[in-house]
Structure formats: structure tokens, C-alpha cells
Amino acid sequence: MVKEYKTIKTQVALPYEIAYGATWTRFFEGFKERKIYGTKCPQCARILVPARAFCPRCFVDTEDWVEVSQEGSLVSWNYVNYRYFGMPTEPPYVGGLIRLDGTDVGFLHLIGGFGLSDLEEVKKNVKSGMKVRAVWSDERQGNIMDIRYFEPIK
Amino acid sequence: MGRAVAVVGVGQTRHGRRMDVSYPELVREGVMAVFEDTGLTPDDIDGVVSGTMPSMMEGVALTHFYFADAIQAVGKPVLKTETCGSTGMSIAHTAYYWIASGMADVILAVGHEKMNEGDSQATMTTVAEPFYQRPFISGAPGVFSMQSAIWKDRFGLSDEKVREAAAYISKTHHDSAFDNPYAHIKIRTTIEQIVNARIITYPVRLLDVCPNSDGVCAVIFASEEKARKMGRKVAWVKGIGYRGDEYFFGDSDKAEWVSAIEAAKQAYAQAGIKNPRKELDVAEVYNPFTFQEMMLYECFGFAAPGEAPDLVLKGTFARQGELPCDPSGGVLCTNPIGASGLIRVAEAALQVTGKGGAHQVPGARLALAHAMGGVAQFNGVMILGSEL
Ligand SMILES: [Zn+2]
């Protein structure tokens with residue numbers, strides 16, 4: 001017989017105040033105006049989104065700001081049917097990796113604008129390579145969820 | 001490569017839900033196992049390296065402080081190495097560097113996790129910053145599902161074929177776990193059950209994903225002189241490689257996964273391996289997700305890009321196949337994360353020393369061990385051989 005030993009229930013809830021820095025502040029301020037900004041690397045010429053203070057490959061400052069398209073193509077997606085701590089919305093939901101038109105990296109966000117309860121329906125609406133467009137919240141706080149999701153362009 | 005280094009012994013705890021022991025007791029159980037295997041004592045150890053996935057998995061941040069006694073680190077140099085899922089492999093690399101550099105002769109490496117004490121998927125969301133990536137990580141399955149979808153589309157593979165091959169992998173690993181005395185999940189399953197299991201993150205279903213395990217792996221590494229003095233079969237480190245991608249998931253190519261390809265290339269170059277599928281006898285690939293495992297076969301040169309599902313279905317990577325992968329049942333059946341990468345090294349060492357027991361690949365002489373981690377960011381490889 002397996003003996004049950006005592007356990008202790010405990011929690012670690014720590015407050016943080018985390019700095020965005022100048023670049024991400026400007027990037028998310030843009031969200032309030034329904035604009036998505038990237039920065040262009042002066043060396044490799046890639047347009048990076050979210051905007052960066054420096055190019056991760058060339059390690060040079062990226063100070064050239066560009067407003068990028070709010071439309072793009074879906075590179076990859078998932079259908080999350082499990083509740084994870086800290087997630088942006090109740091499951092089920094669809095996560096997407098989006099290549100915004102004119103940019104050179106993938107952008108993570110949600111895919112929505114259609115029924116999510118049935119996977120087979122979702123598979124009819126979501127295809128890799130399809131065109132998507134940002135759908136904004138009416139009330140914008142200057143954070144990543146100011147974009148509610150990206151919806152398929154019919 | 002510096003001085004020659006050998007794995008001279010390995011120890012594992014019984015992995016699973018281990019609420020019967022406190023975390024330090026579990027760690028000690030693993031450490032005792034490697035001392036029992038080698039006949040060495042704490043006095044023989046020059047230094048200790050340990051690690052966990054992120055320490056917050058169990059809510060105690062400074063684990064090498066908490067485990068000072070359990071890893072017998074008092075009075076010795078002690079290091080902690082932490083690289084998310086690849087932690088166990090990074091611990092092995094740390095031990096290797098320590099001895100290869102000539103700074104130590106005998107190092108105890110300990111990887112540990114007690115996932116059932118916390119909320120593992122919540123812990124995983126804390127590996128990313130809260131502005132942008134954290135909300136979209138969706139635990140580990142979200143990221144790795146997206147990664148395998150990129151791979152599937154890149155090579156025009158059909159959902160059906162990939163699903164069929166992933167199920168084959170799940171079935172064979174779950175069967176193999178019965179031959180591994182330390183494995184956590186031991187269930188007989190069928191292809192039908194696997195393809196109809198509950199969806200976690202499409203296309204990953206319950207039987208395509210690793211469990212939450214509590215467990216510890218301890219490995220002792222030694223210099224050539226010390227290893228030869230022990231007068232036993234040892235596993236020689238033939239090559240190691242480690243690479244990381246950029247931080248943002250969307251910045252790197254995840255289908256032809258640069259960090260995995262380059263980590264393997266480095267290890268192969270050191271080991272003199274030209275054709276890995278032919279030259280390797282066995283591989284312990286870090287495989288928490290069946291779909292991702294196939295992609296890794298391609299990154300490691302076991303299959304051409306896009307070819308892995310066909311080879312999987314032909315049995316190339318099954319126990320009797322050309323290159324058996326994860327005869328231990330792999331991470332899919334046992335995943336105490338901070339230990340999992342080191343378990344791959346321990347299993348590779350058991351194979352090339354002929355101590356694999358019921359899951360021994362007959363005559364194995366050259367083995368690959370691998371681990372990956374981060375938001376699909378890090379990859380580490382170690383090649384072990386029966387001859388120096
Ligand atoms: Zn650049």
C-alpha cells in the first residue's frame with residue numbers, strides 16, 4: 001500500500017514593473033493609433049516587427065521606423081484546446097504566425113472572426129498561406145491585445 | 001576538443017508522480033544511483049553541476065542551494081546550468097567542458113525536475129517576456145505545433161501522412177517504454193486510440209505529447225586517466241554541439257531548424273561522422289512531441305528534408321530499423337524536464353556500453369543524444385562511442 005505523505009500548498013505571487021524601453025514604448029503607442037510599426041536594419045535591410053532597437057543578426061541600431069501593412073499571409077497556425085495560465089483568451093482559440101506584407105519576419109497573434117468551437121469548421125476557415133488582416137479593439141490601451149485578432153480576408 | 005572525456009556511470013530515479021519524496025530526497029535518490037553504479041563516493045568528485053528547466057517549476061528559485069547536501073556539493077566547486085528544455089544537455093556539456101579543459105578530472109552532473117509540484121505549463125509561459133510573446137506561447141504544445149505545421153507546409157506533406165507517421169512514432173515509443181525500467185508512462189495503446197485522442201493543440205493530441213514527470217538523472221564524467229583506472233566499459237564523448245536561435249519565434253527558420261542542424265553538424269565534425277543514418281547505431285532524440293520528432297530526424301541528417309514521415313512508416317527508426325531512435329521510449333513517455341536532456345546522454349551511454357537491458361540495441365557502438373528547449377530556440381547534441 002502506498003502511504004500518502006503530507007504536502008504544503010503555497011504560492012509565489014511576485015509584483016513586477018517591467019520597462020518597455022523607448023523602442024517598444026513607441027511601438028505600442030502606435031497601437032493606440034491603429035498603426036503597426038517596424039524598424040528597418042541599415043545593414044541587412046530587413047524590416048523587423050515588432051520594432052527593434054537593434055537588428056539581432058547585424059547587431060547595429062535600427063532607427064529607421066516604417067509603418068507596416070496590417071495585412072499579411074498566414075505562415076502557420078495552431079488550434080489551442082487546453083487552458084494555459086496567462087493566456088489572452090479562453091480556449092479554444094487559434095494562434096497564428098503572420099508575415100505582414102513588406103516585412104521580413106513572422107509576427108505572432110491570434111486568428112479569429114469565425115466560430116472556434118468546432119475544429120472541422122476552423123480547418124475550413126484557416127489555411128496556411130491565406131491572407132489575413134488586423135482587427136482592432138475599439139478601446140486601445142497600447143498593448144499587444146489592442147489587436148483583437150487577425151481575420152481571414154475573403 | 002581538449003582532453004578526452006568519458007561517461008563512467010549513470011543513475012536515474014524511478015520517474016513519475018513522486019509525491020512520496022521531497023525534492024531533495026528525490027535528487028539524492030538519483031545521486032545515490034550513480035554512486036552505486038560507479039562505486040565512486042562523494043570524495044572522488046572534483047565538482048558538481050546541476051540544473052532544472054526554469055527553477056520556478058517547483059517554486060524554489062535557487063536549487064543548487066536547496067540541493068547542496070543532496071548533490072554533495074559542500075566544499076566543492078558548484079555550477080548551475082539552465083537552458084530550458086535543453087538544460088540536461090547543457091549540464092552534460094558543462095561537465096564535459098570542465099574536464100576537457102583540464103580543470104577537473106571527475107564531475108558529477110545532476111538534472112532534476114518535480115513537475116507535479118507546480119503548474120508546468122504556467123511555468124513555461126514565464127520563459128518569455130510579457131509584452132508580446134508570452135500571450136501566444138500557449139504552453140509548450142502551442143509553439144511546437146506551429147513549428148511542425150511550418151515544416152509540413154514547407155515540404156508539401158499531407159496532413160494524413162504526417163498524422164499516420166506521428167501515430168506510428170507514438171505507438172512504438174509507448175511500447176518501448178515497457179522495456180525501460182525507469183520510464184514514467186507505460187500504457188499499451190493502438191493507432192486508433194492515438195489518432196482519436198483528445199486534441200491538446202491541433203494537430204497534437206494527448207498521446208502525441210510528453211507527460212509531466214518527477215525524476216532525476218545523475219551522470220559522472222571523468223578524464224581519460226580516471227576513466228581507464230576504473231577498469232570498466234565507459235562511453236567516450238566523441239563530439240558535442242550547441243546552438244541557439246534568435247529570441248523572437250518569427251525571426252528564425254523553424255522548419256529547417258538552423259540551431260538543430262548546426263548543433264548536429266558541429267558534433268558530427270568532431271566525431272568524424274559523415275553519414276549519420278549509416279554510422280550511428282542509435283539516437284536518443286529529445287522528443288516531447290511526435291510531430292516535431294520527425295522534423296528533428298531531418299535536421300540531424302537521418303532523413304532528407306520532407307522525407308522523415310516516409311522513413312518512419314517504413315520502420316527505419318523503429319527498434320529493429322536501420323537507426324533506432326528513442327528505444328527508451330524517449331521524452332514522449334518520461335519528461336522530468338531538467339533531467340530529460342541528461343537522460344538522453346545516460347541512455348546513449350547505456351547503449352554504447354551494452355547496458356541497455358531490455359531496450360538494448362544489439363551491438364550499438366555509436367550513439368547520438370539530443371535535447372532542445374526555449375520557445376523553439378535551443379538545441380544541443382552529444383555523440384557517445386564505445387571506443388575513444
Ligand atoms: Zn540586420
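Tutor: Keep in mind that this is a predicted model. The contact takes 41 residues from chain A and 36 residues from chain B.

Student: What makes a residue count towards the contact?

Tutor: The cut-off is heavy atoms within 4.5 Å. By that cut-off, 41 residues of chain A and 36 residues of chain B are in the contact.

Student: How large is the area buried between chain A and chain B, and what share do carbon and sulfur atoms give?

Tutor: About 3300 Å² is buried between the two chains, and carbon and sulfur atoms give 68% of it. The size of an interface is often given as the accessible area lost when the parts come together.

Student: Why is the pair A:Arg57 and B:Glu246 called a salt bridge?

Tutor: The rule asks for a side-chain nitrogen of Lys or Arg within 4 Å of a carboxyl oxygen of Asp or Glu. For A:Arg57 and B:Glu246 the N to O distance is 2.5 Å, so the pair meets the rule. Across the interface of chain A and chain B the rule finds 2 salt bridges. Residue pairs in polar contact across this interface number 13, both residues being at pLDDT 80 or more.

Student: Which elements of chain A supply at least two residues of the side that touches chain B?

Tutor: They are helix H1 (21-32), strand S4 (71-80), strand S5 (93-100), strand S6 (107-111) and helix H2 (119-125) of chain A. S4(A) gives the most, with 6 residues. By class, this side of chain A has 27 nonpolar, 10 polar and 4 charged residues.

Student: How do you know that S4(A) and strand S5 of chain B pair?

Tutor: Pairing requires at least two bridges. S4(A) and strand S5 (residues 199-202) of chain B have 2 bridges, in the antiparallel sense, so they qualify as paired. In S5(B), A:Tyr79 has B:Tyr202 as its bridge partner.

Student: What makes B:Asp251 and A:Arg52 a pair that joins two chains?

Tutor: B:Asp251 lies in the loop between S8 and helix H10 (258-271) of chain B, and A:Arg52 lies in the loop between strand S2 (47-48) and strand S3 (64-68) of chain A, so the pair joins two chains. Their side chains meet in a salt bridge at 2.7 Å, N to O.

Student: Why are B:Asp251 and A:Arg52 called buried?

Tutor: Buried means under 20% relative accessible area. B:Asp251 has 7% and A:Arg52 has 6%, so both fall under the cut-off.

Student: Why is B:Asp105 called partly exposed?

Tutor: Under 20% is buried, over 50% is exposed, and partly exposed is in between. B:Asp105 is at 22% relative accessibility, so it counts as partly exposed. B:Asp105 forms a salt bridge with B:Arg3, the closest N and O atoms being 3.1 Å apart. B:Arg3, at 33%, is also partly exposed.

Student: What makes the salt bridge of B:Asp310 with B:Lys161 a link between distant parts of the chain?

Tutor: The closest N and O atoms of B:Asp310 and B:Lys161 are 2.9 Å apart. B:Asp310 is in helix H13 (residues 308-314) of chain B and B:Lys161 is in helix H7 (residues 159-177) of chain B, 149 residues apart. Relative accessible area is 33% for B:Asp310 and 28% for B:Lys161, so both are partly exposed.

Key: Residues numbered from 1 in each chain as written. Chains lettered and ligands numbered in written order. Predicted model: local features only at pLDDT ≥ 70, side-chain atom pairs only at ≥ 80, totals over all residues. Heavy atoms only, no water. Buried area = accessible area lost by both parts, 1.4 Å probe. Polar contact = N/O pair within 3.5 Å; in protein donor to acceptor, adjacent residues only side chain to side chain. Helix = DSSP H or I, 4+ residues; strand = E, 2+ residues; numbered from the N terminus. Nonpolar A, V, L, I, M, F, W, Y, C, P; charged D, E, K, R; others polar. Buried < 20%, exposed > 50% of the residue type's maximum accessible area, 1.4 Å probe, protein only.
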